[in-house]
Amino acid sequence: MKKLLLLLVAVHCSLFTAKADEGMWTLYNLPNAVYETMKMENYELPYGALYEGDQAVKNCVVNFGGYCSGVVVSPDGLVFTNHHCGFEAIRSHSTVEHDYMLNGFVSNSYEEELPNKDLFVSFMIEQKDVTSLLDSLGYEKRAEKGTGEQLVDSLERVFQKQISAKDSTLRVELKPFYEGNRFYLTTYRDYNDVRLVFALPKSMGKFGGETDNWMWPRQTCDFSVFRIYVDPKTGAPAKYSKDNVPMHPKKWAQVSLQGYQPGSFSMTLGYPGSTSRYLSSYGILERRDAQNKPRYQTREIKQDIMIRHMRADEAVRIKYDSKYAQSSNYWKNSIGMNKCIDSIGLIQQKAAYEAKIRQWQDSTGFLKDKLDFNKLETFYKKRFNAMRAMMYFSETFGRNDEMTNRALRVTRGIQVKGDKDKPKKQYIDFKDNSDTWDLNLDREVLAALMKNYREQVEVKYQPDFYNIIDHDFKGDYQLFVDHLFKKSQLMKNNKKIYVNKKNYHKDPGVSYGESLISTLAEIRADLMSTNDSIDNLERYLCAAKLRMEEDMPNYSDANFTMRLSYGQVGEYLLAGQPSGYYTEASSIVKKMEQGEKGVVDYEAEPIMKELLSAKDFGKYTDKTTGKLHLCFLSNNDITGGNSGSPMFNGKGELIGLAFDGNWDSLSSDIFFDSQLARCIGVDIRYVLYMMEKWGKADRLIKEIGAK
């Protein structure tokens with residue numbers, strides 16, 4: 001397929017020939033040209049096998065928790081996803097006495113499988129194009145006025161009401177595709193009783209830590225196992241009950257022990273979160289300087305404090321393991337993306353491609369009165385400082401510490417309790433959630449980030465509590481933060497805080513929250529003055545691109561709807577040398593030996609080294625190489641949200657789980673480089689070997705029935 005957006009100038013066009021590895025394709029309308037290419041690359045199933053009927057491949061793939069992907073692998077509703085996707089569920093069950101993060105978890109019966117509050121999986125039932133309906137309702141004019149989103153939301157509610165009347169277990173989403181040039185309605189069925197079944201110790205599930213994150217070679221055994229439970233009478237989705245029974249799906253993935261070779265067909269199905277490959281050169285510049293830079297600059301400060309406290313106290317580590325992992329993942333991603341943007345001259349490449357679109361527009365007159373590149377550049381420049389301030393604001397004051405969390409909640413409509421007819425008796429309160437945060441860590445993080453925010457953001461966007469810090473606390477951020485935590489009623493658990501008393505707004509925590517909200521409103525106002533104009537111009541730019549290349553199949557940017565990606569297993573040139581297409585057991589043993597010498601990210605329990613030093617790996621041995629494969633590379637298209645996506649062979653059999661991309665492709669959210677971009681998957685044979693040999697999970701191995 002022709003490169004979607006970021007083409008070099010004409011003299012370099014020969015570098016961008018059709019590649020089967022680029023693309024995040026919707027299933028219900030998969031272009032025939034794409035399917036024919038898949039067949040040429042040894043995909044063996046008929047066209048309809050992906051989407052149509054009870055046995056469609058899509059029916060074993062799930063949206064896991066609203067942030068990852070997963071796959072059903074047994075007739076009893078067993079689900080595989082990544083370890084880092086199950087991270088929070090594993091952490092939430094962990095205590096110092098029973099630390100499942102550190103020691104792993106193995107259930108030996110249905111009764112031992114652990115329920116998880118608020119965790120769900122969703123199956124996609126159907127997807128269809130409803131663009132013509134929105135057009136008939138005047139979406140175009142509404143979008144130009146900035147009210148298009150309200151129309152979409154309103155229509156989604158209508159569709160939801162209609163489908164709920166037919167089946168209360170169904171849910172719909174109406175989402176824009178192709179930058180708002182098309183709209184698809186997707187129907188889902190949610191299952192809310194999802195239980196933890198199996199997890200390796202963190203030493204293996206996150207082996208390599210931040211040292212290896214986004215890197216190749218990898219040895220991480222990145223998987224966890226869950227099970228879907230349903231109502232025992234109807235088999236329908238149900239809230240958790242001890243009486244619920246395992247789901248019996250009509251379709252599950254056959255797990256394969258047959259492996260792969262270089263050039264083997266590889267297909268992923270999953271829920272990629274967000275890409276921006278139609279984004280203009282001006283938008284890429286904003287992403288680099290006003291979004292990525294603030295993100296990694298702020299997170300580095302926060303993470304240094306977090307890891308110091310986590311390493312000093314096991315209880316703190318358990319509370320913050322998941323938070324740290326989430327933060328550090330896109331800290332490193334932002335750094336890598338910016339390096340890629342600069343190293344390949346991405347902004348210049350995109351500008352050259354936009355010049356090509358301008359020439360085509362001049363010759364055809366398409367969107368002549370709507371698509372104006374000069375206006376697009378002007379609007380982006382106008383909102384740059386506000387966007388940068390918003391990123392610093394969200395990275396500084398967004399979900400980093402409990403004081404700020406509570407302060408913002410009281411200003412955003414926390415539930416008020418008490419007699420509605422007696423205002424003076426109305427109150428709010430906060431339950432004791434001390435098992436989720438640490439006082440000393442949160443205080444230090446907030447003080448450090450407050451200081452950094454002030455140093456990085458222009459005075460216009462600085463909350464007025466900085467004046468209090470200067471005058472009442474002599475510029476000492478830590479003293480101010482300690483005062484908030486100690487003196488504010490908001491930090492008193494289970495205490496009634498009367499919201500209509502005269503002194504309520506004098507509470508330092510309430511005042512702090514009101515100051516934040518005031519600043520946030522100012523930032524948002526400046527953003528809103530240009531957002532609609534930018535969105536419309538980017539939509540027109542995408543429309544022009546699609547029209548100019550209407551003879552080519554084009555996929556929409558990812559938006560956390562199910563997508564198919566296909567390609568081949570294979571290596572690439574890494575620092576000028578062949579990367580290899582897989583890693584094997586001896587490579588992790590060597591790293592474990594570094595762990596024994598103090599390299600923290602390579603530390604593992606002695607039993608892990610013993611198991612992976614085996615002379616014979618039995619049925620899990622690769623028939624071609626004679627080794628146990630750990631992880632492998634393909635040129636499938638991947639981004640955040642794809643974590644846990646099943647990787648299928650040409651027969652639709654499961655050979656691995658996607659869990660990462662490589663450092664050289666971190667700009668792939670805005671530009672896919674077919675020479676460098678790779679998807680890293682954990683080999684399903686490695687998964688099963690560890691389940692059997694470490695977990696002794698014979699009941700699960702038998703249930704899965706790998707062939």
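Is Arg-295 buried or exposed, going by its relative accessibility? At 17% relative accessibility, Arg-295 counts as buried, where buried means under 20% relative accessible area, exposed over 50% and partly exposed in between, with a 1.4 Å probe and protein chains only. The model is predicted, so that local features need pLDDT of at least 70 and side-chain atom pairs count only at pLDDT 80 or more, while totals for chains, interfaces and linings use all residues. Residues are numbered from 1 along each chain as its sequence is written, and side-chain values use heavy atoms, with hydrogens and water left out.

**View 1. Arg-295 forms a salt bridge with Glu-395.** The closest N and O atoms are 4.0 Å apart, a salt bridge being a side-chain nitrogen of Lys or Arg within 4 Å of a carboxyl oxygen of Asp or Glu. This pair links distant parts of the chain, with Arg-295 in helix H9 and Glu-395 in helix H12, 100 residues apart; helices (H or I, at least four residues) and strands (E, at least two) are DSSP runs, numbered from the N terminus. Glu-395 counts as buried because its relative accessibility is 8%.

**View 2. Glu-286 forms a salt bridge with Arg-383.** The closest N and O atoms of this pair lie 2.8 Å apart, and both Glu-286 and Arg-383 are buried.

**View 3. Glu-140 forms a salt bridge with Arg-539.** Here the closest N and O atoms are 2.7 Å apart, and the pair connects helix H5 (residues 139-144) with helix H17 (residues 508-548) across 399 residues. Glu-140, at 27% relative accessibility, counts as partly exposed, whereas Arg-539, at 4%, counts as buried.
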